[in-house]
Amino acid sequence: MNRRNFIIGVGSLAAGSAAAVGTGAFTSVTADRSVSVNVADEDKAYLGIDKLDGTVYENATFAQQNTKNQISFDINDANGTQDSSDGVGLDSTYEFDNVFQIKNQGTQDVEVSISELSDSDFDPDASGVTVQFYPGSNSSSPLNSSPVTINTGNSQNIGIKVITDDPSIDDFSADATISANDI
Amino acid sequence: MGEVERPRVTRDVPRRRPAGRVRSTRSTTMANRRKFIAGLGALATGSAAAMGTGAFTSVSADRQVDVQVAEDANAFLGLDNSSDPNDAYFDTGSDEYAVNFNDSGNSGSGVNPNANTVAKEVFKITNQGTQSVEVSLEANNSDDLEVQSPGSISAPGSDGVRAALSTAVDQLNSGSNTDSDGAVQLDPGQSVDVDFAINSGTSDLSGSLTISGDATTTNADQ
């Protein structure tokens, strides 16, 4: 009888599908999950960049904190320098030990490097100035060529070296890039 | 005349048990989530057998439908910690997990302002079903979030977040396993990690990531 055949067919189909589903198969699944990113103040970020305590490290006066505590350096008219003192001299190498610190507040041990700034980094017409960063007081090991390892929970003091020749312009300003890569 | 199928109804419908829950014997060793499905199967076969004898016009039976929504880690398409350092950013505090770049567990409370941050292997997607599935990511109407093709995570050029399936799956499956549409095929039991990259300004960012799994074969096809 046709009607019965039809019904039996449906029954078999249903049973077949149910068996397939029952073993944990699925045809498709989608799930939406939220992603949120908190932008921290720089001293509290995963790669914390912070001033040093000026009562312990005098050269901390060259570091300033701006929006969201982003650090910048002003080798000019810093607090604590004489009013007549406006910056570095010609044909000189200035080393400022322990100006700021980098703290590893992330999840992995990292190697930190900081780019060197020279000449055209400052201005297309500039010449005669190089700025390097180095660990603590170890000025012979610039971070552009010798990255320093900072394990999670640790920090590293950073110094700044300014090498002048006979600069073609007076005021130099540029952004240096701090890079931290997992080891 | 050939054989005649005799109208013989020994039991129209499975007898309702006091608890009101259909329970098949094969469900006893299965996970809770599967109980529901096994129950449906029993209902369908039971009805078909009864109707096939043609002794009644209609039958209806109410059955309790018990759907358990599994925690993400236990779902057929499982989402779980990567067991790598960056799973600190995968929040498993509630049943529906989330990616939160806030507390690193190590005094860090977020990404740096005006910086590019890459966090690989934040969470993993595991095929806990029985079939091969194609897994893909999609940004769900998110201004801040976009998705890159598998294995190519890099920070966006302006403020925003990117997500991509990691390259680790290349070591799982031999040969080519990524489609032109950016999906990665996972066989049962296989996993793929999800990487993130962030270009941050000074404002917080957010988005919604759609994770999809599509079966490439079904048991019924086999």
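Mentor: Begin with Asp50(A), which sits in strand β2, residues 47-51 of chain A. This is a predicted model, where local features need pLDDT of at least 70, side-chain atom pairs count only at pLDDT 80 or more, and totals for chains, interfaces and linings use all residues. Residues are numbered from 1 along each chain as its sequence is written, chains are lettered from A and ligands numbered from 1 in written order, and side-chain values use heavy atoms, without hydrogens and water.

Trainee: Why does Asp50(A) count as buried?

Mentor: Its relative accessibility is 15%. Buried means under 20% relative accessible area (exposed is over 50%, partly exposed in between; 1.4 Å probe, protein chains only), so Asp50(A) at 15% counts as buried.

Trainee: What makes the link between the side chains of Asp50(A) and Gln65(A) a polar contact?

Mentor: The distance is 3.0 Å. A polar contact is a pair of N or O atoms within 3.5 Å; within protein, one must be able to donate a hydrogen and the other to accept it, and residues adjacent in sequence count only if both atoms are side-chain atoms. The side chains of Asp50(A) and Lys103(A) also make a polar contact, at 3.2 Å.

Trainee: Which residues does Asp50(A) touch, not counting those up to four places away in sequence?

Mentor: They are Asp43(A), Gln65(A), Ile71(A), Phe100(A), Gln101(A) and Lys103(A); contact means heavy atoms within 4.5 Å.

Trainee: In chain B, how do you know that β7 and β9 pair?

Mentor: Two strands pair if DSSP finds at least two bridges between them; β7 (160-165) and β9 (191-200) of chain B have 6, in the antiparallel sense. One bridge joins Arg162(B) to Ala197(B) in β9(B).

Terms used:
Helices (H or I, at least four residues) and strands (E, at least two) are DSSP runs, numbered from the N terminus.
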